[in-house]
Amino acid sequence: MMPRLSRSAAREEGLLPFTPDAAGVQEQQSLRIVHLGFGAFARAHTALYTELAELRSQDPSQQWRIVGVTQRSNTVAEQLNPQDGLYSVVDVGPGAAGVQLVTCVDEVLSGPDESDAVVALIADPQTRIVSLTITEKGYRLDAAGHGIDRADPEIQADLAGRAPGTAVGQIVRGLQLRHRRDAGPLAVLSCDNLPGNGELTREAVRSFIRALPEDGTEELLAWVQDSVSFPNTMVDRMVPQPTAETVEQAARALGFTDEGAVPGEHFTQWVIEDDFPGGRPQWELAGATFSDQVRQWEDIKLRMLNAGHTLLASLGLCVGAPTINDAVQEEAFARACREMYRLEVLPTLELPQGVDGEAYGEEVLRRFANESLGHTTAKVGSDGSLKIGPRLGETITRCLDSGLTPQWASLAVAAWVHHVLHGREEDVADPLADQMRRQGLSAEGAEGSVSEVLRIAGLFEDLQARDELLRVIVEWARILRTGDEALRSEIIRRSEERSSADG
């Protein structure tokens, strides 16, 4: 039986070429990152960047260590703590570079069970960064997204003084203690896939502080303003769920069983505002981009990668394609993506400096074709009432404002509506699924059905040109009802018609 990965065993095998103790640096001299939400993405992205930056800097005076914090399940702690924090990242698909052992994690704490320890670590002077991958739900925002939801029972319990159970509560209680101890400045770094994630995190923290019942909140707010930064970031890497094959690949490469191994596509990107008052790792050595154009990078990812994902998932669900890889292999569906990028997204998008939009779109389609990722159309296409607006709304609005008819973005909306109304009920995963289906099917005609679904989802209600948008969506909805081959043929026909006009 293959032995379990551990720091002592890995050192004996020469797998730890550069660690604080190997470099003669005392552990207490290391700088620390506390990462809340230490799931597969954080391990395959943020922690990997830190590991590679350390390996490439070879600077023993700037060692950075990570303490991971779970948010719900303790699975990651159970996987990594017996391995002394070690785990590996397995590159999958085209361009795969093998297996990278990550050595910069000291331990993983259970957020629900060890909240006081988490707060103490955030307040510790050695901690200079608190990073987060907690998904949008983890921020506990109100409906407008402008601050914490004070009606949330978990937020109420944290405000009432219990050992904090939410990520925002843990951060604020840590900042309170850090302020009292004069422990120095800190960066709070959201690595979640949210537009303006730093600004959102700042407002969540500030609104939590303002809601505290105790005295001293104004003083704390002033200290946070002066001493705590909230850089915006854009993160991009597709990280599928680990499988038995992931563990097997890691074992073959390491010679040890690694229960915490995670897979990730070869492509990875991280764009960050450089605002770290307590210092930071040299992430640029690992390929990170420091830029004041994070918003533009967010826009291109949201309006091309995420919108393309949604278009392919919706079309795939309509024709029974199980994965995004299957959907993008369909010539018609890949064409629809390209046409949406070329005719609707790129003409209305402010690109980051030096970025070739068409080349970016082609790279996105190649990434979608990576069969190793196993992204299902069901998962990517879930929660459409929450995703359609952020991913397609800006493109649709800007096209209409410019006098353009967004027929390809409208196709994505129509395919989603078709799946909601006519897909198998058990396959439609959306918080509004029952209401949209019931009222959409009871409406009169295709236009009535589409209008009702969009109304319930709260989509495109304020558009001045909504009637034009609705007309195009209904056209596609009617085509979708005539069958899969008719849909494919119409996509090809419209694509070729436009190409002839351009030529």
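**View 1. Residues lining the largest cavity.** The lining of the largest cavity divides into 5 nonpolar, 3 polar and 3 charged residues; Ala, Val, Leu, Ile, Met, Phe, Trp, Tyr, Cys and Pro count as nonpolar, Asp, Glu, Lys and Arg as charged, and the others, Gly among them, as polar. This is a predicted model, in which local features need pLDDT of at least 70 and side-chain atom pairs count only at pLDDT 80 or more, while totals for chains, interfaces and linings use all residues. Residues are numbered from 1 along each chain as its sequence is written, and side-chain values use heavy atoms, without hydrogens and water. Helix 11 (294–319) and strand 9 (233–236) each supply at least two lining residues, and helix 11 gives the largest share, 4 residues. Helices (H or I, at least four residues) and strands (E, at least two) are DSSP runs, numbered from the N terminus.

View 2. Two strands pair if DSSP finds at least two bridges between them. Strand 11 (residues 269–272) pairs with strand 12 in the parallel sense over 2 bridges, and Ile 272 has Phe 290 as its bridge partner.

**View 3. The end of helix 20.** Gly 483 follows helix 20 and has a positive phi, near 125 degrees.
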